[in-house]
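Reader: I am new to reading protein models. Please pick one part of this one and take me through it closely.

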Amino acid sequence: MRKNLKLIITLIIVIVLGSLIYINRPIYGNTPENRVKILNQNKKGISVISETKTDDFILCEIKDQNNNYGFAVFVPSEKGNYEFQTKILR
């Protein structure tokens, strides 16, 4: 009985820790869907109109829900992922 209780408690702890690690992992801008998620973290309603990819960065033309237009830049990291660098809306 005690052995089963220890196993269940250990299993619950492993599941909770795994869930926390999964939820808190960083989002990289490797896909268009992830770039939209990153752009909408602080301000909702931003959509990507077009993207231009070069060797050094990805430039996204963006629009928010108030019809303000702007640009967002994603740069490659050392690990090969794209990270959000900056955005500007006017």
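Author: Start at a turn. Strands β2 and β3 form a hairpin, with 5 residues between them. In that turn, N67 has a positive phi of about 60 degrees. Q65 also lies in the loop between β2 and β3. Is Q65 buried or exposed? Its relative accessibility is 59%, so Q65 counts as exposed; the cut-off for exposed is over 50%. Leaving out residues up to four places away in sequence, Q65 touches K44 and G45. V14 is another matter. Q65 and V14 are 51 residues apart in sequence, and their C-alpha atoms are 41 Å apart in space.

A word on confidence. This is a predicted model. The mean pLDDT of the protein is 88, and 100% of its residues reach 70 or more. Confidence is highest in β2, at 95. It is lowest in helix α1 (residues 2-23), at a mean of 86.

Now the strand and its partners. Strands of a sheet pair through backbone hydrogen bonds, either parallel or antiparallel. Here, 4 strands form an open sheet in the order β1-β2-β3-β4, with antiparallel pairing. The edge strands are β1 (47-53) and β4 (82-89), and each pairs on one side only. From one strand to the next, the twist averages 20 degrees.

Take the β3 side of β2. Strand β2 covers residues 58-63 and β3 covers residues 69-76; 6 bridges join them, and they run antiparallel. I58 has F74 as its bridge partner in β3. L59 has V73 as its bridge partner there.

Now the β1 side. β1 and β2 also form a hairpin, with 4 residues between them. They pair in the antiparallel sense over 6 bridges. In this pairing, S50 stands opposite E61 of β2.

Next, look at the two faces of β2. Which residues sit on the covered face? They are I58, C60 and I62. The uncovered face carries L59, E61 and K63.

I58, C60 and I62 belong to the largest nonpolar core, which has 9 residues in all. β2 gives the largest share, 3 residues.

One of the buried residues deserves a stop. R35 is found in α2, which spans residues 32-39. Its relative accessible area is 4%, so R35 is buried; the cut-off for buried is under 20%. What does R35 contact, leaving aside its neighbours within four places in sequence? It is in contact with G29, N30, E51, I58, C60 and F74. Two of these names bring you back to β2: I58 and C60 are on its covered face. F74 is the bridge partner of I58 in β3.

Notes: Residues are numbered from 1 along each chain as its sequence is written. This is a predicted model: local features need pLDDT of at least 70, side-chain atom pairs count only at pLDDT 80 or more; totals for chains, interfaces and linings use all residues. Side-chain values use heavy atoms; hydrogens and water are left out. Buried means under 20% relative accessible area, exposed over 50%, partly exposed in between (1.4 Å probe, protein chains only). Contact means heavy atoms within 4.5 Å. Two strands pair if DSSP finds at least two bridges between them. Axes are lines fitted to C-alpha atoms, for helices over the stretch in contact, and angles run from 0 to 180 degrees between N-to-C directions. A nonpolar core is a set of buried Ala, Val, Leu, Ile, Met, Phe, Trp, Tyr and Cys residues joined through side-chain atoms within 4.5 Å. pLDDT is the predictor's confidence in each residue, from 0 to 100.
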